[in-house]
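Visitor: I have a chain to look at and some questions about how it folds. Could you guide me through it?

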Amino acid sequence: MKNSFKETKQMLAEQERLAKEHLGESSRLVVDYQSQLEREFGYPIVYQSLGRNGAAGTARSVWDQNSACQHHSIDLAPDYPWLEPAHRAHELMHIELECRAHAAGIRKSHVAKLSSRTSPIAGLEFQEYGELFSHGYNVPVDMVVDRTVMERWPVLRPAMFLSAFRFQTANRKSPVSRLLCSPKFFDSIRALRAASALFTDCSYGNPSNFFRTYRHFPEGKLGQRLYERFTSSYPLKESDGHYKLADAFAEALGLPELHQWHAQTRSELINSHSGEIAGDSSKSVPSSAAHSIGE
Ligand SMILES: [Zn+2]
C-alpha cells in the first residue's frame with residue numbers, strides 16, 4: 001500500500017513536470033484550435049460566465065442560447081495555469097461536436113425546462129432525475145471528448161491525467177449513500193461513476209486503480225458494460241454519434257427515457273434562434289442549456 005502511494009505521488013509529480021514543461025506548446029495549440037473552429041464553422045467563441053454550478057467548465061453552443069447571441073460560449077473555473085490548455089481543449093471539443101452535428105443537419109438539444117417539479121421517470125425524485133440527466137450525458141460524451149483530445153494532441157495528456165486524477169479522487173471521497181437516495185438512482189450513478197473510473201484507468205495507466213472501488217459490485221459490472229459500449233462506438237462514425245452514445249448508456253441503465261431530445265430538422269436548426277433556450281446538460285438542473293465537466 002505504501003509503495004503504491006509512493007508510486008502514485010511520483011507519477012503525479014512527473015505528470016505535473018511534463019504539463020509545466022509543455023505549457024507553451026499546449027497554449028499555442030489551443031489558440032490555433034479555437035481559430036480553426038471559428039474559421040471552419042463561422043461563429044466566434046467567447047469566454048464568459050455561464051453559471052457553472054461548481055463544475056470545472058461549461059460549454060454552450062450558439063444554438064443553445066437566446067436569439068441575440070451570435071457566438072459559442074465557454075466558462076472555465078480558475079485553475080493552475082498548466083492545466084488550463086487541457087480544460088480549454090475539452091470545452092472546445094464539445095463545441096466542435098455540436099458544430100459538426102449542426103453542419104450535418106442532425107444537431108439535437110435536450111428539451112427545454114420541465115413544466116413541473118416532478119421527475120418524468122417513475123421512482124426518481126426530481127433532483128435525482130436532474131443529476132442522472134447531467135451525468136448520463138456528461139459521462140459518455142466526455143469519454144468521446146477526452147479520447148479525441150488526447151489522440152489529437154498527446155502533449156495535453158499529462159494535464160488531462162492530473163485533472164482526471166483530481167476528479168476521480170473527489171468522487172472517491174464523496175461516495176453515494178444508499179440510505180439517502182432511491183435504489184435506481186444509487187445503481188445508476190454508481191454505474192456511471194464506475195464507467196468513468198474505468199475510462200480514467202484505461203486511458204492513463206493509472207496506478208491508483210479507481211475502478212477497484214466498484215469492481216466487485218453489480219454497479220461495477222454495469223459500469224464495465226457502459227465503458228464497453230463506448231469502446232465499441234469510438235471513433236464515432238456519424239456526427240450525431242455522441243447523442244446516440246448517451247442514449248445507449250441510458251438504455252443500458254434501464255432509463256431509456258432519460259434524454260428527451262428536441263429533434264430538429266436542418267431548416268428548424270437554421271431558424272432555431274427564435275426559440276427557447278434548449279439545453280445540453282448541466283450539473284443538477286435538467287435543462288439549463290449547459291454542458292459541465294467535473295462534478
Ligand atoms: Zn465535458
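Guide: Start with a term. A nonpolar core is a set of buried Ala, Val, Leu, Ile, Met, Phe, Trp, Tyr and Cys residues joined through C-beta atoms within 7 Å. A residue is buried if 20 or more other C-beta atoms lie within 10 Å of its own, exposed if 12 or fewer, and partly exposed in between, with C-beta atoms placed from the backbone. This is a predicted model: local features need pLDDT of at least 70, side-chain atom pairs count only at pLDDT 80 or more, and totals for chains, interfaces and linings use all residues. Residues are numbered from 1 along each chain as its sequence is written.

Visitor: Which residues have the most contacts inside the largest nonpolar core?
Guide: Two residues are in contact if their C-beta atoms, placed from the backbone, lie within 7 Å. The largest core has 58 residues. Those with the most contacts inside it are Ala-89, Ala-159 and Ala-195.

Visitor: How many helices and strands does the chain have, and what share of it is buried?
Guide: The secondary structure comes to 9 helices and 6 strands. The chain has 295 residues, and the buried share is 43%.

Visitor: What does Ala-89 touch, leaving out residues up to four places away in sequence?
Guide: Ala-89 is one of the residues with the most contacts inside the core. Its partners beyond four places are Val-30, Tyr-33, Val-149, Trp-153 and Leu-156.

Visitor: Within what arc do the buried residues of H2 fall?
Guide: The buried residues of H2 are Ser-26, Val-30, Tyr-33 and Gln-34. The arc is that of the directions from the helix axis to the C-beta atoms. Seen down the axis of H2, the buried residues line one face, because they fall within an arc of 95°.

Visitor: What do those buried residues of H2 pack against?
Guide: The other side of H2 has exposed residues, among them Arg-28, Asp-32 and Arg-39. The buried residues pack against strand E1 (45-47), H3 and H5.

Visitor: How many residues of H3 are buried?
Guide: One example is Leu-97, found in H3. Leu-97 has 25 other C-beta atoms within 10 Å, so it is buried. H3 is largely enclosed by the rest of the structure, because the buried count is 17 of the 20 residues.

Visitor: At what angle do the axes of H3 and H4 cross?
Guide: Two packed helices are described by the angle between their axes and the distance between the axes. Axes are lines fitted to C-alpha atoms, for helices over the stretch in contact, and angles run from 0 to 180 degrees between N-to-C directions. Ala-89, His-90, Met-93 and His-94 in H3 meet Val-145, Asp-146, Thr-148 and Val-149 in H4. The axes come within 9 Å and cross at roughly 115°.

Visitor: Which helices do the buried residues of H7 pack against?
Guide: The buried residues of H7 include Leu-222, Leu-226 and Phe-230. They fall within an arc of 160°, so they line one face of the helix. Pro-218, Thr-231 and Ser-232 are exposed on the other side. The buried residues pack against H4, H6 and H8.

Visitor: Which two residues does a cis peptide bond join?
Guide: Most residues other than glycine have a negative phi, and most peptide bonds are trans. Pro-235 lies in the loop between H7 and H8. Omega is about 0° at the cis bond, which joins Tyr-234 and Pro-235.

Visitor: Is Thr-169 buried or exposed?
Guide: Thr-169 is found in H5 (residues 157-173). It has 12 other C-beta atoms within 10 Å, so Thr-169 is exposed.

Visitor: How far apart in space are Ser-208 and Thr-169?
Guide: Ser-208 lies in the loop between H6 and H7. Ser-208 is buried, because 20 other C-beta atoms lie within 10 Å. Ser-208 and Thr-169 are 39 residues apart in sequence. In space, C-alpha to C-alpha, they are 9.4 Å apart.

Note on methods
Helix = DSSP H or I, 4+ residues; strand = E, 2+ residues; numbered from the N terminus.
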